[in-house]
Amino acid sequence: MKILLIRHGMTEGNQEKKYIGRTDEPLCSEGVRALKQQSFSPCEILVSSPKKRCVETAQILFPEQNIHIMEAFQECDFGDFEGKNYKELNGNPQYQAWIDSGGTRPFPNGESSDDFRQRCCAGFLEMIKTYSAAESIAMTVHGGTIMAILSRFAEPHKDYYDWMTENGHGWLCECKDQIITVLEKR
């Protein structure tokens, strides 16, 4: 099965380098313009996070396609860091502790990295089981969702942050027996 993992288009929060997880912000005009210049092959199944930025991305890239929403593919809940960027968090002891942990500590009043990754990977396994007869699936999701899935299932293995993906771009993959082979960057 071919799987195309696409990170949603740019939002105002992305432009300002803010932690945007549970915030349901739409694409910004620059993000819409950039997506309209993209071209992806049609897919049999289109799956999206329920967040506006992902659904809007799906509608722009695959306008005639039915969208299947999967709650498990939502971005991490950044808790007290939500809606802030590193400049705004500079000097915050909780933020410094999170940085010093290499991003492994749970976000204060948010989600832990392990819980987030497990949720995304469980959703991925559910998706490939549900649509096992499909030959191709496109996913419009969040950067963290892509990083969680590829760091767990891609061979050869790469670390979580090695799979950072720009807005509106992604990875074309082949998935067989829960192993992902990355074919190309898109």
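1. Glutamate 111 and arginine 119 form a salt bridge in this predicted model, with 3.0 Å between their closest N and O atoms, where a salt bridge is taken as a side-chain nitrogen of Lys or Arg within 4 Å of a carboxyl oxygen of Asp or Glu. Glutamate 111 is buried at a relative accessible area of 15%, whereas arginine 119, at 23%, counts as partly exposed; buried here stands for under 20% relative accessible area, exposed for over 50%, and partly exposed for the range in between, computed with a 1.4 Å probe on protein chains only.

2. As to the basis of these values, this is a predicted model in which local features need pLDDT of at least 70 and side-chain atom pairs count only at pLDDT 80 or more, while totals for chains, interfaces and linings use all residues. Residues are numbered from 1 along each chain as its sequence is written, and side-chain values use heavy atoms, with hydrogens and water left out.

3. Aspartate 77 forms a salt bridge with arginine 22, and the closest N and O atoms of this pair lie 2.4 Å apart. The pair links distant parts of the chain, 55 residues apart, since aspartate 77 belongs to the loop between strand E3 (67-69) and helix H4 (86-89), and arginine 22 to the loop between helix H1 (12-15) and helix H2 (29-36); helices (H or I, at least four residues) and strands (E, at least two) are DSSP runs numbered from the N terminus. Both partners are partly exposed, aspartate 77 with a relative accessible area of 23% and arginine 22 with one of 43%.

4. A further salt bridge joins lysine 18 to glutamate 16, with the closest N and O atoms 3.1 Å apart. Lysine 18 is partly exposed, its relative accessible area being 26%, and glutamate 16 is likewise partly exposed, at 38%. A search of the whole structure finds four salt bridges.

5. On the cysteines, the count of disulfides comes to zero under the rule that a disulfide is a pair of cysteine sulfur atoms within 2.5 Å. Cysteine 28 is in no disulfide, the nearest cysteine sulfur being that of cysteine 54, 14 Å away; cysteine 28 is also buried, with 9% relative accessibility.

6. Cysteine 120 has a relative accessible area of 0% and is buried. The closest cysteine sulfur to that of cysteine 120 belongs to cysteine 121, and because the two sulfur atoms are 6.7 Å apart, they are too far from each other for a bond.
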